[in-house]
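Reader: I'm new to this one and would like to learn how to read it. Could you walk me through a few features?

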Amino acid sequence: MKKFTIYIISMNLVLLTLFSGCSNAFDDNNIQNNPNAVTDVDVKTLLSGTMLGVAFIHEDTDVRIASMWAGELTGLSRAHLGYGQYIVSTQNFNWNNLYPVGNQARLIQIKADVLGDQWTKGVGQVLEALVIAKATALYGDVPYSQAFDREQFPTPIFDKQMDVYAALQITLDKAIINLSELSGLAFGANDFIFQGNVTKWKALAHTLKARLYLHTKNYPQAIVSANLGIQNTAGDALIPHGTSQGQNTNQNYDFFRISRAGDTGFEGSYLRTLMQSRINSFNSKTNETALYNHYIKVGITAPNNLDPNTTDGAFTADASHPVITFYENQLITAEAQARLGNLADALIALNKVRTILATGYLNGKTFSALNRKYDAYVTADFAFAGLANPTNLQTEQTALLYEIISQRYIILLMQYEAFNDYRRLAYALPIVQLPINLTTGTAKPQRFIYPQQEINTNPNVPKPVPNQFTEVTIFSK
């Protein structure tokens, strides 16, 4: 991996670097990749910078590509037109923002050990897991076991994806143990997500475990972890933003409205098709018009364009961005229970989501009460020709799964987890998929491509190098 050193600078400059759309923070060829290179930075300052890095990788270009490849967003111009048509090369991807941040998360743990600070170590472990979970979900086999020891492993091996998932579960188990301790150093002033609330970090760890278990089709364990995960919207892991352009604005706003206005939109997207079909259905218990307008606004960049709503909706400058939330936690439970045939329990979890959606809450914002309706479902709604079975699926189980999957797809807009679902659902039994249309050709995108820089410098890159249509192990038969 590319050599780098962790640069710790003033927090204002970190904010400017990470939240102004800069992706070149670690491009200096003279930077050394050594987690022990920095010894004079306190662990709390390091925690703040690492959290900013984790925030950045949940709003970056990778997430927009994942959203396009999931059919949620359409590429209309310049580079994003090509991305949207699955035209990419090894030059389009890099790990400059992934592994440096993961390395900082590991350094947090090293420093916390010196201090005997298990709380901060636990948070560092959760941050590490968030970074590597993204890397392996999008790329498949990736360095992990040797990734953060440049001195001993200058060219780390690529661990098998299943092994990475297993290792991440262990990392999260250790984090939960550390976050369960009765004492630790206070770090609230350096924690812009949970303000030092250790209980919320612990719940996040459980929900991330549930997400990973859902990926590996371990539905009983997904339910166990979700039951210990985020239980209300106050526990949502949200990245806060402000209105100071170039410093703290939402990266989606910067992209959609400022730096690349008109490059992407919802014209021809499956998200628009799905939401319109739900709005125009005979389902008297649901009206998602308000949420549709929260996402999509006509004519911001040009007349009749279906633009991301950067004016008064989901993508304003100060909109918080989700990392992992109560909605996802409950929908993991709902899907896992439904796949196990526990329809009553699945329905309880789904209705918990609908109850909060009925208040208009989404990622820290409240969307309009006008044309907003999410009444509770009953099992009969999913019977053949039932009001929540618009495609007349033959069983209540498959109809309920279709509704859960549809709601996940809508709620996970601009989160890379939607692309994970797009691939995962092809093999999750019973198979229930959304009819997401391909932008071009007959092959579905299945993964990101290993960066050219990694190919050039690490002989352990898998050979032959897989292309974007090669399935990853987790999301295959």
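Reader: Let's begin with burial: is Ser269 buried or exposed?

Author: First, the ground rules. This is a predicted model, where local features need pLDDT of at least 70 and side-chain atom pairs count only at pLDDT 80 or more, while totals for chains, interfaces and linings use all residues. Residues are numbered from 1 along each chain as its sequence is written, and side-chain values use heavy atoms, with hydrogens and water left out. Now the idea: buried means under 20% relative accessible area, exposed means over 50%, and partly exposed is in between (1.4 Å probe, protein chains only). Ser269 has a relative accessible area of 2%, so it is buried.

Reader: Where does Ser269 lie, and which residues does Ser269 touch?

Author: Helices (H or I, at least four residues) and strands (E, at least two) are DSSP runs, numbered from the N terminus. Ser269 sits in the loop between strand 3 (264-265) and helix 11 (270-279). Contact means heavy atoms within 4.5 Å. Leaving aside residues up to four places away in sequence, Ser269 touches Gly71, Glu72, Leu73 and Thr74.

Reader: What does the side chain of Ser269 reach?

Author: Here you look for a polar contact: a pair of N or O atoms within 3.5 Å; within protein, one must be able to donate a hydrogen and the other to accept it, and residues adjacent in sequence count only if both atoms are side-chain atoms. For Ser269, the side chain reaches the backbone oxygen of Phe266 at 2.9 Å.

Reader: Which side chain does His241 join in a polar contact?

Author: That of Glu59, at 2.6 Å. The His241 side chain also reaches the backbone oxygen of Thr249, at 3.3 Å. You'll find His241 in the loop between strand 2 (237-239) and helix 10. Its relative accessible area is 12%, so His241 is buried.

Reader: What caps the N-terminal end of helix 10?

Author: Asn250 does: one of its side-chain oxygens lies 2.7 Å from the backbone nitrogen of Asn252. Helix 10 covers residues 251-259, and its buried residues include Gln251, Asn252, Tyr253 and Asp254.

Reader: On to helix pairs. At what angle do helix 8 and helix 9 cross?

Author: Axes are lines fitted to C-alpha atoms, for helices over the stretch in contact, and angles run from 0 to 180 degrees between N-to-C directions. The axes of helix 8 (residues 198-215) and helix 9 (residues 219-227) come within 8 Å and cross at roughly 165°. That makes the two helices roughly antiparallel; angles under 35 degrees count as roughly parallel, over 145 as roughly antiparallel, 65 to 115 as roughly perpendicular and the rest as oblique.

Reader: Which residues of helix 8 meet helix 9?

Author: On the helix 8 side they are His206, Lys209, Ala210, Tyr213 and Leu214, and they meet Tyr219, Gln221, Ala222, Ser225 and Ala226 in helix 9.
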